[in-house]
Amino acid sequence: MAHALTTKALLVAARAAWPELTFDEAGFVEFLARRRGAVPVHAGDLLLVYLWSEGDERAQRHLDSQYLSQLPFIISAVDRAPEFIADVVQEVKAKLYAERRLLQYAGRGPLGGWLRRAALNTASVLK
């Protein structure tokens with residue numbers, strides 16, 4: 001019973017975070033179930049990742065505008081050279097999207113922080 005309440009609460013939180021996005025509840029619940037090592041607390045962020053994985057263009061636009069648009073600023077903490085920043089942004093996006101590493105996000109912390117770590121790690125490797 002507690003699992004159902006937790007799932008319901010996650011659905012409510014996801015809807016509240018992105019009320020303009022529609023989604024298949026059963027598919028999202030299955031997506032959440034695959035990430036149950038620990039109870040995710042960032043349902044809205046997970047909803048974006050889920051919808052992105054399903055090819056939803058609106059979710060992609062939200063990911064780009066809300067999160068990935070911050071990458072140049074984050075990377076500039078390592079090196080301010082425009083070429084370096086562009087290379088790191090390209091590498092991070094390739095890993096997240098082409099290699100589908102975005103699906104490793106489990107929702108235990110904010111997606112922005114998770115992406116920040118990914119960007120800084122990539123920048124450190126490329127430096």
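## Model and confidence

Residues are numbered from 1 along each chain as its sequence is written. Because the model is predicted, local features need pLDDT of at least 70 and side-chain atom pairs count only at pLDDT 80 or more, while totals for chains, interfaces and linings use all residues, and side-chain values use heavy atoms, with hydrogens and water left out.

The chain averages a pLDDT (the predictor's confidence in each residue, from 0 to 100) of 91, and 93% of the residues score at least 70. Over residues 1-5 pLDDT stays under 50, and the model has one contact (heavy atoms within 4.5 Å) for them beyond four places in sequence. Where pLDDT is low, the predicted coordinates should not be read in detail.

## Overall fold

You will find seven helices and zero strands here (DSSP runs, numbered from the N terminus: H or I of at least four residues for helices, E of at least two for strands). The C-alpha trace spans about 55 × 25 × 25 Å along its principal axes.

Of the 127 residues, 42% are buried (under 20% relative accessible area, with a 1.4 Å probe and protein chains only). Among contacts between residues at least 6 apart in sequence, 65% join residues at least 24 apart.

## A look at helix H6

Helix H6 covers residues 82-98 and reaches 23 Å from its first C-alpha to its last. That is close to the 24 Å expected at 1.5 Å a residue, taken as 1.5 Å times one less than its number of residues.

Its buried residues are Phe84, Ile85, Val88, Val89, Val92, Leu96 and Tyr97. Their cover includes helices H3 (43-53), H4 (57-66), H5 (71-75) and H7 (111-126). After H6 comes arginine 100, with a positive phi near 60°.

Key: Buried < 20%, exposed > 50% of the residue type's maximum accessible area, 1.4 Å probe, protein only.
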